[in-house]
Amino acid sequence: RIGVPERVAPPNGETLLALDEEAVRAAGRTLREAGVEAVAVCFLFSYLNPTPEERAAEILAEEMPGCFISTSAGVSPQFREFERFTTACMNSFVGPSTAAYLERLGDELHDRGVEAELLVMRSNGGLASVAEAAARPVTLMLSGPAAGVLGGQWTGELVDHHRLITLDMGGTSTDIGLVTKEGVREASTRDTQIAGYPILVPMFDLQTIGAGGGSIARVDDAGAFVVGPQSAGASPGPACYGLGGTEPTITDAHLLLGRIDADRFFGGDMTLRVEASEKAVGHLARRLDLGLLDTAAGILALANAGMARTIRSITIERGHDPRDFALVAFGGAGPLHAAELATLLDVPEVLIPPHPGITSAAGLLTSELRYDLMRTVFMFEDRLDVDAIDSRFSELAAELVERLLRDGASPDQIRVNRYLDCRYAGQGYELRIPIDDAGFTPPALDAFHAAHEAEYGYAHND
């Protein structure tokens, strides 16, 4: 981290101290000599005035040819310094490898005669062009799980179910999402974290638990019987794979309980080794002083309890009754756990797609081009500048439409949705409310009070 002199000030982004361009050049030379491949440019109030960050990026590009450069306002032009900075840093961290991968993928598709344009899923459930995705790769980080939720939503729509809990259980983890009549729930800014770092980009509200087919069952340092989050992965994988794994896993437990056919695994292309599962689970059983099958059943009971607890956190704790939903179970392991989870949660119906292992891939095919733009504008309800709000909305809408037209959409295919993030004075986090296409009017804030009532159980309408 290298500091350079520069300062703009709130509330309107006036320049207090002009950017020291020579200091930026010196920083660029220092970073280049250190072999740095990616840089994040983060200035304190750039969400109010991005020009100094943009100029610094131009200078760095001259001093560090080929370097991947992100600006915090370019990635997430929102207030909250720490969260904006971590988002920009994460963008730069994944940027070089992601951009190189997308370029290779596009070239390979072209060389194989694929004429269709390559589009990339993002964490908000929308598709983006390769150029957009490569510039803001931080928006891709939960794209796979997001596609799974869309696949689950598509499954529900086929049988006229629109209130769904999606359960995407793979080899290392389980991703859980919620679909209501309003659509897929999006995460609020207080919930968007990856690896413990806040990420200020739009993404589906997904909860992940370290429970997958390869999750390892063990006795921890405190003597407790636990399952996950450590995983055997795909290689060496569960003991029954015969690839060198020796730890007991969820897959081994299913095999011992007769829930997986050893001779028909992986479409019959792989034969599982029951004796290896017996050896791995047997070692744990002796430590627990339990029988072999009781230990296998205990592994599954612990995994199910953890997943049920996570589902309660996105349903009951947020005002949704699981009894009003159907559970869509997919991924390689999801259907094996669906019935017991539904029993634990009193969910009345389970939906399993015909080919659950590729439901996320199917979800990709149900998506559309989608871009999000955000700006921070501070106003109190008793001093609203309606014209300023509508003007800002119009600016953002025009930029979005331009992007979509550039990506090949026709004007009649484009829909612009407008939202405000609101909070009561003194609160730390916002709730999002939709704004009518005709423009913002103060009565729209009634929707915020209603949303607050639903989320927290009370509202201050005055």
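Visitor: Which residues of strand S18 make up its covered face, and which its uncovered one?
Guide: This is a predicted model, and in it S18 spans residues 431–435. In a regular strand, side chains alternate between the two faces of the sheet. Here Arg 432 and Pro 434 sit on the uncovered face, while the covered face holds Leu 431, Ile 433 and Ile 435.

Visitor: Which residue stands opposite Pro 434?
Guide: Look at strand S17, residues 418–422, which runs antiparallel to S18. Five bridges join the two strands. Facing Pro 434 of S18 is Tyr 419.

Visitor: How many nonpolar residues are in the contact of H8 with H9?
Guide: H8 brings Glu 278, Val 281, Gly 282, Leu 284, Ala 285 and Leu 288, and H9 brings Leu 292, Thr 295, Ala 296 and Ile 299. Two of these residues class as polar and one as charged. The nonpolar count is seven.

Visitor: Which side chain makes a polar contact with the side chain of Glu 21?
Guide: Glu 21 lies in helix H1, residues 21–33, and is partly exposed at 33% relative accessible area. Leaving out residues up to four places away in sequence, Glu 21 touches Ile 59 and Arg 55. The polar contact, at 3.0 Å, is with the side chain of Arg 55.

How values were computed:
Residues numbered from 1 in each chain as written. Predicted model: local features only at pLDDT ≥ 70, side-chain atom pairs only at ≥ 80, totals over all residues. Heavy atoms only, no water. Contact = heavy atoms within 4.5 Å. Helix = DSSP H or I, 4+ residues; strand = E, 2+ residues; numbered from the N terminus. Nonpolar A, V, L, I, M, F, W, Y, C, P; charged D, E, K, R; others polar. Buried < 20%, exposed > 50% of the residue type's maximum accessible area, 1.4 Å probe, protein only. Polar contact = N/O pair within 3.5 Å; in protein donor to acceptor, adjacent residues only side chain to side chain. Pairing = 2+ DSSP bridges.
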